[in-house]
Amino acid sequence: MHIIYPGSFDPVTLGHIDIIERASKLFDTVTVAVLINQSKRCLFTIDERMELLRQSLKDYDNIYVDSFSGLLIDYLKKRDVSLILRGLRAVSDYENELQLALANRSQNNDIETVFLVASPEYSFLSSSLIREIASFHGDVSKFVPEVVEKALKLKYEEG
Ligand code: COA
């Protein structure tokens, strides 16, 4: 079975990697689908976000990286996939995730959302938290893959 893990990944964190790695043991293939989001101002371009994911996941042969724009259910249809993967970090994620899962299923009854609970060491992480620490030149090495740490340093040096 093939599952799609959608998100902004601006940038990918070890919290995302934890979810993706665990899913890769449960499903035949996992596609990480990066949202081309016009309404959200991103630090990394779509190409940069995809490249950071590719480099962080290069050791796995059943994990792929792709991008999409528009509605998630249209992308799933195009890819002929009916499973969405999402991570749950805390109870506060539940409300939003419930809304997303129900909204997606209301548009296509064949779509199922599968949730994996985030490992506790990453349950407080978010991409904006990482961006904030990195913007003040703080240490993010425990929270992101090495390639992301380097990319953040470059971004914030560029100023
Ligand atoms: N580890 C670390 N951080 C995590 C995480 C994890 N396991 N899971 C989520 N997060 C963080 C992300 O880093 C991000 O942090 P930020 O807001 O500080 O940048 C935040 O949680 C939101 O994560 P993300 O999963 O990327 O959600 P999103 O809101 O950017 O995108 C989509 C969610 C892509 C699934 C949704 O917007 C979508 O489907 N969009 C397409 C349009 C559509 O179909 N809309 C209708 C939906 S019914």
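Arg22 is partly exposed, with a relative accessible area of 27%, where partly exposed lies between buried (under 20% relative accessible area) and exposed (over 50%), computed with a 1.4 Å probe on protein chains only. The model is predicted, so local features need pLDDT of at least 70 and side-chain atom pairs count only at pLDDT 80 or more, while totals for chains, interfaces and linings use all residues. Residues are numbered from 1 along each chain as its sequence is written, and side-chain values use heavy atoms, with hydrogens and water left out.

Arg22 forms a salt bridge with Asp18, a term for a side-chain nitrogen of Lys or Arg within 4 Å of a carboxyl oxygen of Asp or Glu. Both residues belong to helix α1 and stand four residues apart, about one turn of the helix. Helices (H or I, at least four residues) and strands (E, at least two) are DSSP runs, numbered from the N terminus. Asp18 is buried, at 10% relative accessible area.

The structure contains eight salt bridges, including the following.

| Pair | N to O distance |
|---|---|
| Arg22 and Asp18 | 3.1 Å |
| Arg86 and Glu97 | 2.8 Å |
| Asp10 and Arg131 | 3.5 Å |

Arg86 and Glu97 are both buried. Their salt bridge links distant parts of the chain, 11 residues apart: Arg86 is in strand β4 (residues 83-88) and Glu97 in helix α4 (residues 91-107).

Asp10 and Arg131 also meet in a salt bridge. Because Asp10 lies in the loop between β1 (2-7) and α1 (14-26) and Arg131 in helix α5 (residues 127-135), the pair ties together parts that are 121 residues apart in sequence. Asp10 is buried, with a relative accessible area of 4%, whereas Arg131 is partly exposed, at 23%.
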